[in-house]
Amino acid sequence: MPVTRRRLLASAAAVGVVSASGGVFSPAIAQNKPLRVGILAPRSGIAAAPGLNGIRATQWAVERYNAQGGIGGRKVELVIEDESSPKDTIERFSKLVQQEKVDCVQGIISTGVGLALGPVVEESRALTIYWDGTTQDGVDEKIPNPRYLFRSTDNECEAVMSSLLTIKNWKGKFVTVAGINPDYSYGRNNMAAFVAILKRFNIDHRVVTEQWPKVGTMDLTSHVAALKAAKPDLIFSSLLFADLPVFMKQAHAAGLTEGTKLVFPAAGWQHTLMKKEFTPEGMLFGHNTLYFANPQASPLAKEFVAWYEQTHKDYPEWEADRAYFAIASYKAAVEKALAAKGGSWPSQDDIIDAMVGLSIESLGGKGAWRKDHIADQTFVQGLTTHNNKYDFVTLGTFESLYSTDLQKPPGANFWEWIKTAQFNV
Amino acid sequence: MSAFANILAGGVFHAAVLFLVAAGLQLVFGVQKIVNLACGSFYALGAYFGITFIGYAHQFGMSEWLLLPALIISGLLLGFIGPPIERMLRTVYDRDESFQLLLTFALLLMFQDVFKFVWGANPRSLDSGYLIYGTIRAGDFSMPVYNLLVIAAAIAVAAGLGGFLKRTNYGRILRATAENRAMAEALGVDVYRIYSVVFTLGAVLGTTAGALVVPTAAASLDMAIEFVIEAFAVVVIGGLGSMRGALAGALIVGLIRGFSILLYPELEMLAIYLIVVAVLIFRPAGLFGRSLA
């Protein structure tokens, strides 16, 4: 059949009519397009290492999903952007949503960025799953009852767990307590939670000094000297960036670690840098939601750790689990909503509704989403040992706790909840 | 008493490293009249390169005991970056100070990307060696010998620089150029050669400081900007262009920081900048600087 100008115009008009009737045809078209997931994670600066852990875990998961047909039959594409300052990250979030047209945004490690971005997420009505960065401060004011935002477990979970394990292991063996914590809401809240739980259980204690180094301070010799001067029986520290191994090195050099009980709920973020030569045995050490050497880990977690070691010559920490949990939750929610709609592609609201109450097996153990869009996950902490094949410390004895035992229930005030909570340790 | 000694030791160690960077800054400003914001980058470069250098040195069988001299060598080796950067700065010698500040700040940012490209975004540190020289202990007082050696190195640099500037012919020529560039040129001094030497010396002071500090800490992308701010506090307190001022300013900043951390940690930065503000109000030229009026 010859192509005439009239026939060409008629065809073009037909295409226009079909395109305009998107409501009828879009599910089929959407199902053929790749699913785009935007990732916002730090790739430089002091949080680059956890950012990289999260990105790698997401890439690992997406490769597996794509090899098995993707999510709900659609291949997954990642669009990765940097998490940096709140202002710049908000701009990149808008770019992901408006220009890149991603179906879901995942990532965010910084508490400050998370708080600033929360209201923007709600305003943009874009499904977003945070990996980390949820402290008590400012959340109620800035992100009350989020619809589109799903947040990580409370940052204070690790402080609650280490406080309980401190009491369990060392009750009656310490009186003077010192703190060295990063000078922002995470560090402040962790220390406050530790002291609140000691008070809750009537543990006789006296805080002799509290040090608040700025995040990333690399000369901590004066802080170490101040801690030493206070002669504490126990040091509580939620240092977690590159300054943590520096502190341990300088504390060890000053003899501060000898005979002092050490409680470090967030040390797992730097676990491979916590070398045996300056990190003592018997220190309470938090691996948060992923302990790479957990002998009770699932086959999935063991496969991931082996892949990570082989591919990156390194061992993953908890941000890898948080990232995996985010992408695995999204997959499960999409497929649950898809099944509920009899195979037609679900709307974003359908996916959000499917997320609530969802329970999945993450790398670090069981995880679930509460009705207030906060995660529940499995935490691991224990006492360090040098008895391993690595040049850094691992855990000798350890405990796993599900965050229902560590996290305030939906709607509760954290500080009031601590006063009356029934802890299961 | 031992608490006081521990704080003093920590403060003096911090001051020693600060002095090395601030001395480079002072030298360059004193002679070239350039406020070099990139001095923090030299410090960071020294730290990163020091880690790489020690890594290779260990592969070639270097004894752990040679850590300190090896780090000093690594800092000195970086002197080669001085002449080309100084050559670039010649374009702004005769222009407004704001151009000089903008150019050196641009260098600072460019270096940060170079560090990211070469060494990656993650902080880097030396795995061992910090305690190879042992620790001095007396009651509750303890101080790694390495820290003491760094303080000794800073004192040696201060004495050496002082001697070089005051007692050698080249030092006199440097001072003459700083006093009156036109006169020095009229007397046959190759001013640009002097500038190149001075800038290289300033850069080497920064790179050596960075290399020396790395066994005790870590190299990170932010360290350049963090340190340049403190170095400028030193310069403001001591007086711009004064070597004695750099020494006094570094000691004041190091000790104030140490004691405020002990007495009231919240005041760590406030205490330092209160002094900076006081100096700017009551003695704008700094403790050892010469008034421009």
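Start by selecting B:Phe19, B:Val21 and B:Ala22: they have the most contacts inside the largest nonpolar core, which has 218 residues. Such a core is a set of buried Ala, Val, Leu, Ile, Met, Phe, Trp, Tyr and Cys residues joined through C-beta atoms within 7 Å, and buried means that 20 or more other C-beta atoms, placed from the backbone, lie within 10 Å of a residue's own. Helix 1 of chain B gives this core its largest share, 18 residues.

You are looking at a predicted model, where local features need pLDDT of at least 70 and side-chain atom pairs count only at pLDDT 80 or more, while totals for chains, interfaces and linings use all residues. Residues are numbered from 1 along each chain as its sequence is written, and chains are lettered from A in the order in which they are written.

Next, centre on B:Val21. Leaving aside neighbours within four places in sequence, its contacts (C-beta atoms, placed from the backbone, within 7 Å) include B:Cys39, B:Tyr43, B:Leu205 and B:Phe227.

Now show both chains. Their contact takes 34 residues from chain B and 30 residues from chain A.

Finish at strand 1 and strand 2 of chain B, which pair in the antiparallel sense over 4 bridges; pairing requires at least two DSSP bridges. Find B:Ala138 opposite B:Phe141, then B:Gly139 in the hairpin, with a positive phi near 65°.

Terms used: Contact = placed C-beta atoms within 7 Å. Helix = DSSP H or I, 4+ residues; strand = E, 2+ residues; numbered from the N terminus. Buried ≥ 20, exposed ≤ 12 C-beta atoms within 10 Å, placed from the backbone.
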